[in-house]
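Reader: Hi! Could you walk me through this one before I set anything up?
Author: Happy to, here it is.
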Amino acid sequence: MGTFTGSFKGFGVTFAHMFRKVITTDYPFSPPKPAPRYHGRHILNRHPDGLEKCIGCELCAWACPADAIYVEGGDNTDEQRFSPGERYAKIYQINYARCIFCGLCIEACPTRSLTMSNEYELARDSRQDLIFTKKELLAPLLPGMEQPPHPMLLGETDKDYYVGALTNPGTSVGAERAPISQGDAE
Amino acid sequence: MTDVQKRADQVSLIIDGVEVVAEKGELVIRVAERMGIAIPRFCDHPLLAPAGACRQCLVEVEGQRKPVASCTQTVAEGMVVKTQLSSPVAAKAQAGVMELLLINHPLDCPTCDKGGECPLQNQAMSTGRADSRFKEEKREYEKPIHISSQVLLDRERCVLCQRCTRFSEEIAGDKFIDLMDRSSGEQINVYRDDFFGGAGTGDGQVGEGEGDVAFNSYFSGNTIQICPVGALTGEQYRFRARPFDLVSTPSACEHCASGCSQRTDHRRGKVLRRLAGDDPAVNEEWNCDKGRWGFRYATATDRILTPQIRDTKTGELREASWSEALLAAAEGLKAAKERGVGVLTGGRLTVEDAYAYAKFARTVLGTNDVDFRARPLRATGSPVTTTEEADFLAAAVAGITEVTYEQVENAPSVVLAGLEPEEESPILFLRLRKGHIRRKLRVTAVSAYLSRGLEKIGAALVAAVPGDEAHILASDAAVAEALGAPGALLIVGERLATVPGALSAAADLAARTGAKLAWVPRRAGDRGAIDAGCLPNLLPGGRPVTDDAARAALSLAWKVDAGVVPGTPGRDTDRIIAAAADGTLGALLVGGVDPADLADPTLAENALDTVPFLVSLEMRQSAVTRRADVVLPIAPAVEKAGTYMDWEGRLRSFGAVLKSTAMTDGRVLEAIAALLDVSLNTGDVNAVRRELGGLPGSTLPSPVRPSVAAARAAQPAENQAVLATWHQLIDLGSLLDGDQVLAGTARPPVARIGKDLAESLGLADGDLVTVGTDRGSITLPAAITDLPPRVVWLPTNSPGSTVRRSLGVTAGAVVTLTAGVPGPILAEEAAR
Ligand code: SF4
Ligand code: SF4
Ligand code: SF4
Ligand code: SF4
Ligand code: FES
C-alpha cells in the first residue's frame with residue numbers, strides 16, 4: 001500500500017516540473033549569450049594601427065595561478081617592429097587545459113594588451129590544440145589596421161601610444177568584441 | 001654604562017635602548033646592522049667611502065637638533081641613538097625622504113629590471129608613506145640612454161645616491177660618469193658634448209657626437225650591480241627576466257686567474273646574467289666586465305654536441321656515436337703510442353680535468369709530453385731546448401701559496417714585471433689600487449710604458465725595452481731598493497717567459513731581497529694545471545718527473561707498474577708542435593687550445609695538419625676540431641662542476657649551474673682509458689678531489705731555480721723598432737666570441753710609438769702606421785706615447801692586431817715600421 005502512494009509522490013515531482021520554465025537551451029543552434037563580463041577566452045589586443053599592445057613583460061604569466069601562460073619576449077628593431085617600445089612577445093601561449101578563467105592575468109597586464117572575450121566554446125579534441133598561440137589569440141585586424149611588423153604610425157615614440165591609453169579603451173574596444181576567433185577555422 | 005666590557009679603542013653607546021660596544025670610528029649604521037637593526041639606505045655601501053647623499057638613513061641622536069644620517073655619523077661614547085624602530089621622529093624623517101625620492105620616480109616597477117630585488121621598492125614598502133601628496137606631473141627624461149654599448153641609464157629612476165660614480169672613481173679609477181647639472185635637473189651622465197656646448201647629437205646615443213666619452217670602464221658592470229634602483233641596466237639582461245624567475249647558483253669565473261667568485265642566474269636552461277660574488281678574501285664584491293658578461297660562448301651556434309670522426313672514405317668529419325668515437329680515439333692513440341703522443345691541454349681546464357690529462361698522459365700514453373701552456377714560451381728565435389720557464393714554475397710556483405690578495409693590499413711596496421694588472425688580472429689590479437689609495441702601497445712597474453692601469457695604481461715606471469727586463473731585474477738599483485722593505489712583493493706575469501733570463505733573475509732577486517714572489521698567469525686554468533701536473537717536467541703535486549722516489553710514490557698511488565711513468569722530462573708545447581710539424585710525432589691529444597694563441601699559429605696549424613692522428617676535446621668548432629680525426633665534445637664551465645686555482649694558489653670550487661649530459665674532459669679521458677684497459681678514475685669530480693687529497697704529500701725540497709744569463713734587448717736598425725705587446729682584457733679571445741655588446745666597450749686598438757719614431761716617420765696622433773715582419777703586417781692608428789726610444793707597442797690579439805698570427809713574433813722581436821698603409825697605393829705614391 002505504502003509503495004503505491006509513494007509512486008504517486010514520485011510522479012508528483014515529475015508532473016510538477018512539466019509546468020515549470022524550461023532551462024535547457026537549443027545549443028548549438030542558438031547559443032546563449034553570457035553576461036557581458038563573463039570571463040571567456042583571452043584576446044591580445046592591438047593598437048589602432050595594428051601594432052601589438054603586448055610588450056612581452058610576462059606579468060600575466062606570473063599572475064596566473066594555474067601556470068597556464070607562457071611568454072618569451074623579443075627585441076623590436078627598426079626593421080622589425082611588432083609593438084611600440086623596446087620589447088614584444090616573440091612567443092605567447094595560453095594553455096586552455098590549465099586556464100581557470102580567474103582573470104588575474106588581465107589585472108596584471110600593464111598595457112591592457114590582454115583582455116578576455118565572451119567566447120566560451122573552447123572544447124578541443126587534443127591537448128595540443130588547447131594551447132592557443134599568438135595566431136589564435138591576437139585580435140583580428142580591423143579596418144585601418146596594418147599587419148605588423150611595421151613602423152609606429154601613430155606617433156614618433158612609444159609614449160604617443162601609451163599616454164592616455166588606459167583611460168581610452170577605444171583603442172582596443174573593437175578587438176574586445178571580436179566574434180569567434182578566426183584562427184579556429186582551420 | 002659599566003656592565004659591558006670594552007677595550008680602550010672601543011666606545012659604548014645605546015641604540016634603540018640596547019647598550020652596545022663599537023670600535024672607535026665605526027659608523028652608526030654598521031653598528032646597528034650588527035645588532036640586526038636594518039636602517040633603510042641607498043647611498044651607503046660598506047666598500048665605498050661614506051657620502052651621505054640620499055638621506056634615507058636618518059636616525060634620531062639624543063642631543064642633536066635634527067635627525068642625522070647614520071651612514072656618515074661615527075659612534076661616540078655615551079651616544080644615544082634611536083632608529084625608526086623606537087623614534088617617531090626618525091620614522092617620520094625617513095618617510096619624508098622617501099616621499100621626496102618618489103616625487104619624480106616613474107611607475108616603472110612592472111617592467112623594471114630591478115623590480116623584485118629593488119631596495120627602493122622594498123624600503124618604500126617598509127618605511128615609506130602609503131600615499132603621496134604630490135599630484136603634479138613627474139619630471140621625465142628620455143629613457144634609456146646608452147652610456148656605453150653595454151650599460152643603459154634610465155635617469156628617471158635614479159635616486160642620485162652616487163654609488164655608481166663613487167665606485168668608478170674610488171674603486172676602478174675610471175671617472176667616466178659623474179653628476180651633471182643642478183637642481184631638479186641634476187643627473188648622472190657621461191661627459192657628453194651637449195653638456196659642454198659641443199656638437200653632441202643629443203639623441204642619447206654616446207659616441208655619435210664628437211667628444212662624447214662612453215662609459216668604457218672594465219668594471220662598469222659593478223655599477224649596475226650596486227645601483228640601488230633600476231637606473232643602470234645592462235643591455236644583455238635588460239627585460240630578459242625578473243629576479244624571481246631566476247635560479248641562482250654560486251660559481252667561479254672561468255676567464256682569468258684572478259679567481260672571482262660569482263653568482264650565475266639562469267632561467268629555462270639558459271644563463272641570463274652573472275653577478276660578482278661576495279668573497280672578501282679574493283674579489284671583495286667586485287668583478288670585471290669580462291667575467292660578468294662573457295658567458296655567451298657556451299650557447300654559441302657552433303657548439304659541438306655530438307662526437308665526430310673523420311670518415312675514412314670521404315675524408316670529411318661526420319657525426320658518430322660516443323662508443324664509435326671513443327673507440328676510434330682509443331685505437332688511434334694506441335697505434336700512435338709507439339711514435340709518441342703529445343698532449344696539449346690549454347689553460348682553461350679545471351684542476352680536476354687537468355689532473356685527468358696529466359694522469360692520462362703518464363699512465364695511458366706513457367709520456368711526459370704534456371703541456372698546458374698555450375702561448376709563446378720563449379723569445380722569438382730562442383732555441384727550443386731552453387726550459388727556463390718550466391724550471392721556474394717547478395721551483396717557484398708549483399705547490400707554493402705564499403702571496404695572497406690580503407698581502408698585496410697591505411704590502412709596503414710591490415714590484416710588477418711582465419704584467420699589466422688591469423688588462424691581465426683585473427681583480428689583482430683592484431687590490432693594488434685599493435692598497436695604493438688606502439694604504440699608500442708603493443708600486444714599481446718594469447714595463448715598456450706607463451699604461452692607464454699602471455697610472456691608476458700610481459706606479460713608478462722603470463722603463464724597459466722589451467728584452468731588457470731580465471737585465472733590469474738583475475741589476476736595477478731602484479727595483480732592488482723597492483723590494484727591500486719587509487713584506488714587499490715581486491709579482492711577475494706569464495709574459496716574462498719570453499725574455500731569456502728574466503724568470504731566473506726574478507727568482508734570484510726575490511731570494512736576494514727576501515721579497516715574496518708571485519707568478520700571475522692570464523687564464524683561469526693555468527695555475528691549477530701546474531699543480532695538477534700538466535707540465536713536461538712536473539708530476540701532480542709539483543713532484544719533479546726526474547725524482548725516482550716521487551715517481552715510485554705516484555705509481556703506487558695510481559696502482560700502475562713502476563716503469564710506466566717515464567723518468568725523463570717530456571717535450572713542451574713548442575717542441576711538441578715542432579715534432580708534429582716535422583712528422584715525427586704519432587698523434588696529438590688537444591684540449592681547449594686555440595692555435596692562434598701559440599707562438600707561431602701558422603706552424604701550429606701546419607703541425608695539426610701534418611700529425612697522423614689528432615684527437616680534439618672541444619666545446620665549439622675551432623681550428624683544431626676542423627683538422628681533427630676524432631672530435632669529442634666536452635662541457636663548458638656552466639655545465640660541469642670543478643675547481644679553478646687562482647694565481648694565489650687558492651682553490652675556487654664550483655658546482656654545475658645547468659643540468660646537462662655534456663661530459664667533462666676527465667670523464668671523456670676516463671672512457672678512452674677504459675677502452676685501453678686502464679682505470680683512470682677521473683670521471684667524477686668528487687672522486688678526483690678525493691684522489692688528489694689522498695695523494696701522498698711531496699716531501700722533496702723545491703727544485704733549484706733556473707739560472708739563465710740575463711739577455712739584453714735587441715738593437716733595431718733604421719726604421720725598425722722593438723715590439724712590446726700584451727693582451728687587452730676585452731679582445732678576440734675565443735671565450736668572448738659573439739658578444740658584440742661587450743666588444744663595444746673594448747679599448748680601441750692602437751699602435752703606440754714614442755716621439756722619436758713619430759718624428760722620424762713623420763706621424764701625428766691617429767695617423768696610420770704599419771708594423772711589419774717578413775711574415776706580414778699590422779696597420780693601426782698611431783698613439784704617441786711616452787715609450788723608450790725605438791719601441792712600438794701593439795695589443796696582442798685585438799681586432800686588426802693579431803700579433804702572433806700576422807707577425808709571427810712576440811714581444812722583444814725587431815719589427816719594421818712604415819707610415820701609412822702598405823700595399824699598392826703606397827707603392828704608387830712612392831713611385832710618383
Ligand atoms: S599580455 Fe600584458 S602582462 Fe602579458 S606579457 Fe603582454 S603586456 Fe605583459
Ligand atoms: S627602480 Fe625599483 S622602484 Fe623604481 S621602477 Fe624600478 S623596481 Fe620600481
Ligand atoms: S644611477 Fe644608480 S647608483 Fe648611480 S646615482 Fe643613480 S641610483 Fe645611484
Ligand atoms: S677579474 Fe678575472 S676572474 Fe674576475 S671576473 Fe674578471 S675575468 Fe673573471
Ligand atoms: S644611506 Fe645614509 S645618506 Fe644615503
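Predicted model: local features only at pLDDT ≥ 70, side-chain atom pairs only at ≥ 80, totals over all residues.

Reader: Great. How many helices and strands are there in chain B?
Author: Chain B has 26 helices and 37 strands.

Reader: I may want a box. What would the C-alpha atoms of chain B fill?
Author: Roughly 85 × 75 × 60 Å, taken along the principal axes.

Reader: Switching to ligands. Which residues are closest to ligand 4?
Author: The closest are B:C253, B:C256, B:C260, B:C288 and B:G291, out of 13 residues that surround ligand 4. Two elements of chain B, α6 (289–293) and α12 (426–439), each give two or more residues to that shell.

Reader: How do the residues of that shell around ligand 4 divide?
Author: Six are nonpolar, six are polar and one is charged.

Reader: And ligand 1, which residues are closest there?
Author: Ligand 1 is surrounded by 14 residues, and the closest are A:C54, A:C57, A:C60, A:C109 and A:L114. The shell around ligand 1 divides into ten nonpolar, three polar and one charged.

Reader: Where does UniProt place a "binding site" in chain A?
Author: The unreviewed entry puts that feature at A:C64, A:C99, A:C102 and A:C105. These residues are spread over 42 residues of sequence, yet they cluster in space, with a largest C-alpha distance of 10.4 Å. As for A:C64, it sits in the loop between α2 (59–63) and β2 (69–75) of chain A.

Reader: Nice. What does UniProt say about residues 89–128 of chain B?
Author: An unreviewed UniProt entry annotates them as "domain: 4Fe-4S His(Cys)3-ligated-type". In the model, that span is 60% helix and 0% strand, and its end C-alpha atoms lie 14 Å apart.

Reader: Last topic, helix packing. At what angle do α9 and α16 of chain B cross?
Author: Roughly 25°, with the axes of α9 (residues 388–397) and α16 (residues 502–513) coming within 9 Å. α9(B) and α16(B) are therefore roughly parallel to each other.

Reader: Which residues meet there, α9(B) to α16(B)?
Author: From α9(B), B:E388, B:E389, B:F392, B:A395 and B:A396 meet B:L503, B:S504 and B:A507 of α16(B). The residues of this contact divide into five nonpolar, one polar and two charged.

Conventions:
Residues numbered from 1 in each chain as written. Chains lettered and ligands numbered in written order. Near = placed C-beta within 6 Å. Helix = DSSP H or I, 4+ residues; strand = E, 2+ residues; numbered from the N terminus. Nonpolar A, V, L, I, M, F, W, Y, C, P; charged D, E, K, R; others polar. UniProt positions renumbered as here; feature names shortened; annotations may be inferred. Axes fitted to C-alpha atoms, helices over the stretch in contact; angles between N-to-C directions. Parallel < 35°, antiparallel > 145°, perpendicular 65-115°, else oblique. Contact = placed C-beta atoms within 7 Å.
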